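Hi,

Here is the structure I promised to pass on to you. Have a look at it first, and then read on for what turned up.

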Amino acid sequence: MRTPIRRARGVRHALTGALLAGLTLLTPASPAFADGPSASASPSGDSAGPTEAGTTFRTATALEQGQTGTAQASTGDYLYWVFPADAGQRPTVEATVKLPENAARRSASTWQIDVYDGLRRRQACAYGHQTRKAGAGAATVELSCVLRPVRAWSEPWANDPLPGSYYVRLTVVDLPADQLGLPIGAEVRPSVKEVGGAHDVDGTLSEPLVPGVSVASAGDGDGTGASAAPRTAAAGEPEDGWASGWWTDRWLWTVGGGVLAALAAVFGYSLTRGRGRPSHVPPGV
């Protein structure tokens, strides 16, 4: 027969093993702790990216997440692209401008990229090189803009990034007038990183901030049988649909916390229930 001391040790060993098993629920490599950006690549590859850019918000060229768009333009043009970003993602936009030959340029130039959401509100860059100056002898200039994580919901007065379309505008902001019109090459690549449940908030938007989505929704529910107006093709959409990031690491923390709470309750009960009837006391006494 086991002694009470051995039985207590066995209970402690079992609880320790169960506790370690519960802790493993909290240790998978979730996107929130992944090293480096995890951009979702375009299924068709960069080679199939568009080779032109729009000149206004309405004519912005659509890009997928991880897809590279190129364009041939002139200094002084406003170039526009648009890509989708969903809740729980942190967008990053990288741009490269191939400047004219040195013989054609006689002065420095300053280039800038701006990012706007579906309501055409300019979104501030959390970090990156949004504006850069290129010397007269530079061949290229590289710019980048990392936005804040996209939230599923926000107050109407706030300027938080929300799910929907994001417009990228590339242009020169400082250049002598006699240097306008020189040919340039532009390359833009938007990517996203999953930030996990650390930025989750309660509430969601009824519709993503995509141009034409409200018109399409009204047409679906008018009961007239008329076909709804299609969403603008330039708005784009994530491959697996909007609000696809419903699974976050918060589920793991919730389940893991429940397991740990149950183990703590069992361990506390084992400590407070006592050792039972002493071995030298006969039954029925």
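This is a predicted model: local features need pLDDT of at least 70, side-chain atom pairs count only at pLDDT 80 or more; totals for chains, interfaces and linings use all residues.

β4 and β8 are paired in the antiparallel sense, over 7 bridges. They belong to an open sheet of 4 strands, with the order β2-β10-β4-β8 and antiparallel pairing. β2 and β8 are its edge strands, each pairing on one side only. On average, neighbouring strands here are turned by 20° against each other, direction ignored.

As for the chain as a whole, there are 3 helices and 10 strands, and along the sequence they follow the pattern α-β-β-β-β-β-β-β-β-β-β-α-α. The chain has 285 residues, of which 36% count as buried. Of the contacts between residues at least 6 apart in sequence, 73% join residues at least 24 apart.

The largest nonpolar core has 28 residues, and W81, V97, W111 and L170 have the most contacts inside it. Among the elements that give two or more residues to this core are β3 (79-85), β5 (109-116) and β9 (164-174). Leaving aside its neighbours within four places in sequence, V97 touches W111, A139, T140, V141, L143, L170, I184 and G185. Another core lies apart from the largest one; it has 6 residues, including F57, A60, Y80 and Y116.

In one of them, F57 and Y80 are tilted, at 5.0 Å centre to centre and 55° between the planes. That pair links distant parts of the chain: F57 sits in the loop between α1 (4-23) and β1 (61-62), while Y80 is in strand β3, 23 residues apart. Both F57 and Y80 are buried.

How are the rings of F57 and Y116 arranged? Their centres are 5.3 Å apart and their planes are at 85°, so the pair is edge-to-face, given that over 60 degrees counts as such. Because F57 lies in the loop between α1 and β1 and Y116 in strand β5, this pair ties together parts that are 59 residues apart in sequence. With a relative accessible area of 10%, Y116 is buried; for F57 the value is 17%. Ring pairs link F57, Y80, Y116 and Y167 into a cluster.

Best wishes

Notes:
Residues are numbered from 1 along each chain as its sequence is written. Side-chain values use heavy atoms; hydrogens and water are left out. A nonpolar core is a set of buried Ala, Val, Leu, Ile, Met, Phe, Trp, Tyr and Cys residues joined through side-chain atoms within 4.5 Å. Buried means under 20% relative accessible area, exposed over 50%, partly exposed in between (1.4 Å probe, protein chains only). Contact means heavy atoms within 4.5 Å. Two strands pair if DSSP finds at least two bridges between them. Axes are lines fitted to C-alpha atoms, for helices over the stretch in contact, and angles run from 0 to 180 degrees between N-to-C directions. Rings of Phe, Tyr and Trp (its six-membered ring) pair if their centres lie within 6.5 Å; planes under 30 degrees apart count as stacked, over 60 as edge-to-face and the rest as tilted.
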